[in-house]
Amino acid sequence: MVRYLDVADALRERITSGALAPGEAVPSAEQLARDHGTGRDTALKALRVLRREGLLLLGRDNIVRVGPVERRAVGAAVDVPPTIVEMPAQAVLRARMPTPREREELGLPDGVPVLVVVLGDVEEVHPAAETGMRWPRQRA
């Protein structure tokens with residue numbers, strides 16, 4: 001049994017049923033772990049699955065929220081990346097090759113790089129081939 005998929009399935013059901021509306025913050029990884037009797041890493045992995053599906057987006061405020069309905073393309077071929085990361089203004093973006101553990105967790109074939117969003121001492125890793133980055137507009 002793969003626990004992170006169970007957590008992802010439960011959260012996906014809440015989103016598709018409308019219990020969690022577009023733009024609404026999803027429970028934190030810590031809360032999901034408590035709710036499902038798993039570890040924080042398992043909950044984070046579940047959140048990554050749903051972000052790759054386009055169901056969740058990382059907001060400029062660093063809060064994971066339910067994505068807009070028009071972004072949902074589970075199982076469908078689309079021209080836009082399945083994940084759009086909203087970059088906080090003070091974040092730094094790096095590209096590199098994944099570690100073996102990251103390659104396994106993200107299900108990446110050999111040779112696919114990752115994009116790393118660095119904000120302070122926190123790093124968030126995304127598959128480069130499946131991720132688009134959006135920066136906030138500069139105010140005049």
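**The core and what surrounds it**

Guide: The largest nonpolar core has 25 residues, and those with the most contacts inside it are Leu 11, Ile 15, Val 26, Leu 47 and Leu 56. This is a predicted model.

Visitor: Which element gives the most residues to this core?

Guide: The elements that give two or more residues are the helices α1 (3-16), α2 (29-36) and α3 (40-52), with the strands β1 (56-58), β2 (64-66) and β5 (114-119). With 5 residues, the one that gives the most is α3.

Visitor: Which residues does Val 26 touch, not counting residues up to four places away in sequence?

Guide: Val 26 is among the residues with the most contacts inside the core. With residues up to four places away left out, Val 26 touches Leu 20, Leu 47, Leu 56, Val 64, Arg 65 and Val 66.

Visitor: How many residues are in the other core?

Guide: The other core lies apart from the largest one, and among its residues are Leu 108, Val 112, Val 116 and Val 118. Its number of residues is 7.

Visitor: Why are the buried residues of α2 on the same side of the helix?

Guide: The buried residues of α2 are Ala 29, Leu 32 and Ala 33. They lie on the same side of α2 because they cover an arc around the axis of only 100°.

Visitor: Which elements do the buried residues of α2 pack against?

Guide: Ala 29, Leu 32 and Ala 33 are the buried residues in question. An α-helix has 3.6 residues a turn, so residues three or four places apart point the same way. The buried residues of α2 pack against α1 and α3.

Visitor: Which residue just after α2 takes a positive phi?

Guide: The phi in question is about 65°. The residue that takes this value is Gly 37.

**Charged pairs**

Visitor: How many residues apart in sequence are the parts tied together by Arg 51 and Glu 124?

Guide: The side chains of Arg 51 and Glu 124 meet in a salt bridge, with 2.7 Å from N to O. Arg 51 belongs to helix α3 and Glu 124 to strand β6 (residues 122-127), so the parts that the pair ties together are apart in sequence by 73 residues.

Visitor: About how far along the helix are Arg 101 and Glu 105 separated, and what is the distance between their closest N and O atoms?

Guide: Both residues are in helix α4 (residues 100-106), and being 4 residues apart they are separated by about one helical turn. Arg 101 counts as exposed at 56% relative accessibility, and Glu 105 as partly exposed at 23%. They form a salt bridge whose closest N and O atoms are apart by 3.0 Å.

Visitor: Which residue in the turn between β5 and β6 has a positive phi?

Guide: β5 and β6 pair in the antiparallel sense over 6 bridges, and Leu 119 stands opposite Val 122 in β6. The two strands form a hairpin with 2 residues between them. The turn residue with a positive phi, about 65°, is Gly 120.

Visitor: Which residues of strand β3 are buried on each side?

Guide: In a regular strand the side chains alternate between the two faces of the sheet. Both faces of β3 (residues 83-86) are covered. The buried residues are Thr 83 and Val 85 on one side, and on the other Ile 84 and Glu 86.

Visitor: Which residue of β7 stands opposite Thr 83?

Guide: β3 and strand β7 (residues 131-134) run parallel and are joined by 4 bridges. Opposite Thr 83 stands Thr 131.

How values were computed. Residues are numbered from 1 along each chain as its sequence is written. This is a predicted model: local features need pLDDT of at least 70, side-chain atom pairs count only at pLDDT 80 or more; totals for chains, interfaces and linings use all residues. Side-chain values use heavy atoms; hydrogens and water are left out. A nonpolar core is a set of buried Ala, Val, Leu, Ile, Met, Phe, Trp, Tyr and Cys residues joined through side-chain atoms within 4.5 Å. Buried means under 20% relative accessible area, exposed over 50%, partly exposed in between (1.4 Å probe, protein chains only). Contact means heavy atoms within 4.5 Å. The arc is that of the directions from the helix axis to the C-beta atoms. A salt bridge is a side-chain nitrogen of Lys or Arg within 4 Å of a carboxyl oxygen of Asp or Glu. Two strands pair if DSSP finds at least two bridges between them.
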